[in-house]
Amino acid sequence: MGKYEKIRSIYQALPDKTRVCGIWVLIWIVIRSLFDFIGIASVLSVVYFLIRKEYMNYALWVIALCFAILLIKMVALHYIDKYCMQWYLSIYKYFSTSVLLKYYQSGLLFIRKQGIADLTYNTNGICYAFTTLVIPSILQSAGNICLIIVFMICFLIFSPYVALLFLFFVSLFIVAYVWLVGKDISQIGKEEIEAKKGQWETVQDCFNGYVEMEIYNAFPYFMKRFIKGINAIISCQNRMKIKTEIPAYLLEMMMLVLLIIVFLISHSTEELVLLLSAVSIGVFKILPSIKQIISGYNTLQNHLCTIDILYDAINLQCESLKRSRSVIYKDTIKFNDVDFYYDKQNQVLNRVNIEIKKGERIGIQGESGFGKTTLLNVLLGFLDPNNGQVLIDETNLADMNLQMWHQQIGYVPQEVFIADDTIAGNIAFGLSHEKMNEQKIYEVLKIVQLYDWVKALPLDINTRIGENGCLVSCGQKQRLGIARALYKKAQLLILDEATSALDEVTEKNILSIIDRLTEKDSGRTLIMVSHNKYSMKMCERFINI
């Protein structure tokens, strides 16, 4: 699919109201261009009245009218620009949120394959560049083209020969420029965006891996990588500057040649003054419009890859959205001949057959790297089996509404995710402050033995604990993860090395609580992965992977 078709498809993806506003934006941009033409016409009229003695008595009135027109123009342009900018930013908001939603709904495997740094950059940087650079460039170029067309029509009426000369020089320049420079600018833009993505990834690595960076003295290497990326961006900018500046100078020289030709073909002083005034205004008013069209073309070429990235993002097919069946987990979970591999040479699960009955406490055993976490991710619906089925009460998980399935699950991984939020926000995860049950939060804090610690904090459960829980210990993060699962009161509790960061005494206390919560009469199912033999004592049955 060509770039034009992709832009059209992206535009069609916008809400109806936004598309209607887009038509108005284009109209306002054309009107803006006509205001520029009116400004040109008013100046020409003043020149005309000043050089014709018989109309000198009306010159002051014409000058006053000219000032009034210019004042109206200034006010109108202010509101037109404001309206257009609000529209551009509304599109940025729409596409950025849409892309984030598409990426998120594409699932765990997609996120891992694409890379968090690239997806983050696309969601923010690419969407912003497309909506504040590409779209304005297209619309403003359209407006400038309308201005030039109107000017050329009037110029043809005023002086056909000069108008044709003007049109010839401009057309010659634009064709030559597009033919010689267009592909180079597109390639430079692609290189610059790749360099910026690399910079984004390097900065993330530096901050996320701070401890390891210091211990292994790895920061100098990443700093060199960062500087290399900066140099690549600077190189792209310098090359773009050369590509865009030289043609502008050449265009000015061509206009100077046009002025000389006008001077040579003039027959009288009065005609010369009028022609030079018209051409000069054309040069100094239309020339910027031509430069803006060229600049818009450069911007479009420089950001062509944003069109591809945005098109691919909004047209992602999210298979999870097609899962419509809703099932309440009541009886059994079955793995029937389940295979899973990331590639055919890397088989992780091979013909797995498991049956877990409601209320059972199952321990999953196996050496590190042999697929225990992958098995859990298949059960959670994050990974789809390459062969076989996962059945929840005889309903294929591949057909189930994943959101409803996840509502029935409490999951505590080895590395608990902690948001840059309050303690309460991390326990009642995903709920607004108004919907949180504070009494329930305190109850689970007592269960995981964090109540006394929280009550000693100045802001109690409203204390913020930093990005990824950087202001609390690993053991406290783990207990907050368990508290989150307990707050949910899920029917299926999955612990993936969930007590690995706890000291022995705390682990025993937490496990005794989990033991009570998952007793047979509770109806809760427990699936536990752990290398700690003590942790697995509560399990009734073991599955080897």
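**Terms and their grounds**

Reply: N426 is buried, as its relative accessible area is 0%. This is a predicted model, in which local features need pLDDT of at least 70, side-chain atom pairs count only at pLDDT 80 or more, and totals for chains, interfaces and linings use all residues. Residues are numbered from 1 along each chain as its sequence is written, and side-chain values use heavy atoms, with hydrogens and water left out.

Me: Why is N426 called buried?

Reply: Buried means under 20% relative accessible area, exposed over 50%, and partly exposed in between (1.4 Å probe, protein chains only). N426 has a value of 0%, and is therefore buried.

Me: What does the side chain of N426 reach?

Reply: The side chain of N426 reaches the backbone oxygen of T422 at 3.0 Å.

Me: Which residues is N426 in contact with, leaving aside its neighbours within four places in sequence?

Reply: N426 is in contact with I418, A419, D421, I465 and R484, apart from those neighbours; contact means heavy atoms within 4.5 Å.

Me: Why are α14 and α16 called oblique to each other?

Reply: Angles under 35 degrees count as roughly parallel, over 145 as roughly antiparallel, 65 to 115 as roughly perpendicular and the rest as oblique. Helix α14 (residues 438-447) and helix α16 (residues 474-488) pack at about 130°, and are therefore oblique.

Me: Which residues of α14 and α16 meet?

Reply: K440, I441, V444 and I447 in α14 meet A483, L486 and Y487 in α16.

Note on methods: A polar contact is a pair of N or O atoms within 3.5 Å; within protein, one must be able to donate a hydrogen and the other to accept it, and residues adjacent in sequence count only if both atoms are side-chain atoms. Axes are lines fitted to C-alpha atoms, for helices over the stretch in contact, and angles run from 0 to 180 degrees between N-to-C directions. Helices (H or I, at least four residues) and strands (E, at least two) are DSSP runs, numbered from the N terminus.
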